Amino acid sequence: MPPIGIHDIAFATTHYVLDLDELARYRRVDPAKYHLGLGQDTMSFPAVDEDIVTMAATAAAPILQRHGSDKLRTLLLATETGVDQSKAAALYLHPLLDLPSTTRIVELKQACYSGTAALQFAAGLISRDPTEQVLIIATDIARYDLDSPGEPTQGAAAVAMLVTAEPAMLQLDSPSGVYSDDVMDFWRPNHRTTALVDGKLSISTYLDATSRAWTDYRARGGRGLDDFRAFCYHLPYTAMARKAHDNLLRTVGVEWEPERVTAAIEDSTRYNRLVGNSYTASLYLGFISLLDHAPDLTGQPVAFFSYGSGCVCECFSGTVQPGYRQHLRTADNKERIAARTPISYFRYRAMHSDRARYPSNLTFDQDTGGPYRLTEIIDNKRTYQKV
Ligand code: COA
């Protein structure tokens, strides 16, 4: 079987950004709680005409421009903030991205985990026919109630990944460790537009699940801790990476100097600190951040921990490929984050509340500066447009 993995990867985020200093001021919270305690500085917030579909299209477009879609046979869209209970959000991408009609399209859900399920399913499809390519898009808008503890851990992003044989960026290892259990740490019933969360339970479940997934990964022949140059964790907020890594060291029974822990996780947290949580996309945004910020990783193994509340956790690994740096979009990525438009606290609050009340008929004024927009919802039918 040929090597399989990530051939190309790109991300998109929203038009607006909320500075957490502003949120702290109005919530009368010490800003250090957000910057140091949670490890978040700003969070992305969508324009009125942006959603998971527009972010998905924006993330996937540069990949399709670079590689075409001739070999594309499958598109897997992972999200926990879907726009329809039946129709896969990825179908709206069909005209926007000019996808071949010979593409298998489906949406996957399991909280923040389903992007990783998509990656494993893609690897299975490609091992059956290495000439096929699979496009994965993880796209989410993390939304909690206003004034709730989760509010400073919101954010939004989409990550698109092209999975192929003979990948140019990351070759996946075969062993994978998984753990799942029925836990009510985070959920969003059908009638709600914001998630419900038992924050403390979600942290302890995340930590327990990652150490159990690691144990399974090792039992199935996975690499040892010292083999890894870097660790990418699911990042609901970036301080979670240090909690998770310290917990992993306790699980393995070793001690690392704090500087070594920082070196192992910090580069993967840089974009997430500015974008906020992006649920399914967050682990992979962390991987892009690692590739864009770390010194040369050629030939280095990277460990991944994907956690989705509810809960499913998977630990897997891969090796960064020679020449990967030629394919990065580092300058564009940094510019995309820097170019977001600051939003005032009051406008953010008003738009947050409006989003919970979308009626079945609505036309949206142009608000986003991005390349794709939601133009209207008429008779409950959504229409999108390339700007
Ligand atoms: N300066 C520095 N750090 C501060 C601080 C200050 N002034 N005030 C508080 N902190 C620290 C706390 O000590 C805590 O650190 P610790 O986690 O290492 O103990 C951290 O900031 C968060 O403070 P805490 O009081 O625990 O926050 P909270 O109860 O308001 O909520 C979450 C934190 C994460 C539970 C909440 O944001 C949430 O529910 N988020 C959504 C769910 C989520 O992200 N879950 C993660 C797993 S999926």
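Predicted model: local features only at pLDDT ≥ 70, side-chain atom pairs only at ≥ 80, totals over all residues.
How much space lies in the largest cavity? About 50 Å³. Residues are numbered from 1 along each chain as its sequence is written, and side-chain values use heavy atoms, with hydrogens and water left out.

Back to that cavity. On a 1 Å grid over the protein atoms alone, a cavity is a set of points where a 1.4 Å probe fits but cannot get out, and lining residues have an atom within 4 Å of a point. Points are joined across faces, edges and corners, and the volume is the space filled by probe spheres set on them. Searching the whole structure turns up one cavity of 30 Å³ or more. Its lining is made of I9, A10, F11, M169, I288, D292, H327, L328, R329 and N333. Strand β1 (4-12) gives the largest share, three residues, and both β1 and α10 supply at least two. Helices (H or I, at least four residues) and strands (E, at least two) are DSSP runs, numbered from the N terminus. Sorted by class, the lining has six nonpolar, two polar and two charged residues; here Ala, Val, Leu, Ile, Met, Phe, Trp, Tyr, Cys and Pro count as nonpolar, Asp, Glu, Lys and Arg as charged, and the others, Gly among them, as polar.

F11 from that lining also turns up elsewhere: the charged end of R336 sits over its ring, 5.2 Å from the centre. That label needs NZ of Lys or CZ of Arg within 6 Å of the ring centre and within 35 degrees of the ring normal. R260 does likewise with W256, its charged end 3.8 Å from the ring centre. W256 in turn belongs to a cluster linked by ring pairs, together with W214, Y217, F228, F231, Y233 and F305.

On to the ring pairs themselves, of which the structure holds 19. Rings of Phe, Tyr and Trp (its six-membered ring) pair if their centres lie within 6.5 Å; planes under 30 degrees apart are stacked, over 60 edge-to-face, and the rest tilted. Take Y144 and Y279, an edge-to-face pair with 6.4 Å between centres and 90° between planes. Y144 lies in the loop between β6 (133-142) and β7 (155-165), and Y279 in the loop between α9 (270-275) and α10 (282-293), so the pair ties together parts 135 residues apart in sequence. Y279 is buried at 2% relative accessible area (buried means under 20%, exposed over 50%, partly exposed in between, with a 1.4 Å probe and protein chains only). Y279 also pairs edge-to-face with F186, at 5.5 Å and 80°. F186 lies in strand β10 (residues 186-187), so this pair joins parts 93 residues apart in sequence.

Finally, some backbone details. The peptide bond from G310 to C311 is cis, with omega near 0°, and C311 is in the loop between β13 (301-308) and β14 (312-320). D98 has a positive phi of about 55° although it is not a glycine; D98 sits in the loop between α4 (93-97) and β5 (104-108) and is exposed, at 64% relative accessibility. D379, in the loop between β17 (372-378) and β18 (381-386), has a positive phi too, near 50°.

Conventions
1 Å grid on protein atoms, 1.4 Å probe; cavity = no way out; pocket = protein on both sides within 12 Å on 5 of 7 lines; lining within 4 Å.
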